[in-house]
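The stops below can be selected one after another.

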Amino acid sequence: MKSNLVKYIDHSSDVPLHKQIEKVLRMLIDTGDYDLGKLLPSEIELSNMFGVSRSTVRQSFNTLVNEGLLERKRGKGTVVAQHGNIITQLNEWISFSKEMKRKGIVIKNYQVQFLEVPCDEELAEIFDVPVGRKVKKLTRVKGDKSVPFVMFESWFHPRIPITDDHDFLKPLNDILEEEYSIIPMRSSEEVQAIMATEELAEILQVEKGMPLLYRKRIVYDAGMRIIEYNKCYYRHDKMKYKIDIVRSV
């Protein structure tokens, strides 16, 4: 595949070269050829191949190292990182399953449940509907082949016509966009640490009282209408949450 990589780099494109090389590196990782510790092409190899400076290639490597996707081995080179703690990012909109796939992690669905439930006071306030109004709730428990490490609870605004006829093993954003032309455009997030309740401990296979990363998210469409209210519970020993903050000038 290495000899075919040059075609993915366009020196006349408005896309920065380091971003183009970053995309190539993600493609290499997605092939699965480098999962067993095989060294990725070196900075010098890629700079010569693409006709760019070594610093441009290094910038691409640094991005993926900071994401936890790649790991530098002193005296050896760069390999796909071993996934102890998996880093999920806030700075780009992508489904959890797609993000994990991009990192080379095969995700297993441990539980998928779709119900109609009445709004409690919290949901009623968020959706601006009466308490007791019925809404759709989707619960998904996901992990790798060894253990579950995240539970998602999603409640949909009554306006959203989602039903239980869908294959919820697919990314939720894909279902909303493909089936209903509903495109999530913005989210408001809150992240904190909590202790695992007895119920969460059983679901995520941890000890009661173990710290969990807890995230609440309200998802909006382009018109700033609420689509979904989401709660996520992550095992702290398996997941990290990365936030990139960019100063506006």
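Begin by selecting Phe 114 and Phe 168: Phe 114 is buried, and Phe 168 is buried too. Buried here means under 20% relative accessible area, with exposed being over 50% and partly exposed in between (1.4 Å probe, protein chains only). This is a predicted model, in which local features need pLDDT of at least 70 and side-chain atom pairs count only at pLDDT 80 or more, while totals for chains, interfaces and linings use all residues. Residues are numbered from 1 along each chain as its sequence is written, and side-chain values use heavy atoms, with hydrogens and water left out.

Stay in this area and select Phe 152 and Tyr 234. Their ring centres are 6.4 Å apart and their planes stand at 85 degrees, so the pair is edge-to-face. Rings of Phe, Tyr and Trp (its six-membered ring) pair if their centres lie within 6.5 Å; planes under 30 degrees apart count as stacked, over 60 as edge-to-face and the rest as tilted. The pair links distant parts of the chain, with Phe 152 in strand E6 and Tyr 234 in strand E9 (residues 226-235), 82 residues apart. Strands (E, at least two residues) and helices (H or I, at least four) are DSSP runs, numbered from the N terminus. Both Phe 152 and Tyr 234 are buried.

Next, select Arg 140, which lies in strand E5 (residues 134-143). Leaving aside residues up to four places away in sequence, Arg 140 touches residues including Phe 152, Phe 168 and Asn 230; contact means heavy atoms within 4.5 Å.

Now colour E9. Of its 10 residues, 10 are buried. E9 pairs with E6 in the antiparallel sense over 7 bridges, where two strands pair if DSSP finds at least two bridges between them. Trp 155 has Tyr 229 in E9 as its bridge partner. Strand E8 (residues 211-220) also pairs with E9 in the antiparallel sense, over 9 bridges, and Ile 218 stands opposite Tyr 229.

Finish at the hairpin of E8 and E9, which has 5 residues between the strands. Select Met 224 there: this residue takes a positive phi near 60 degrees.
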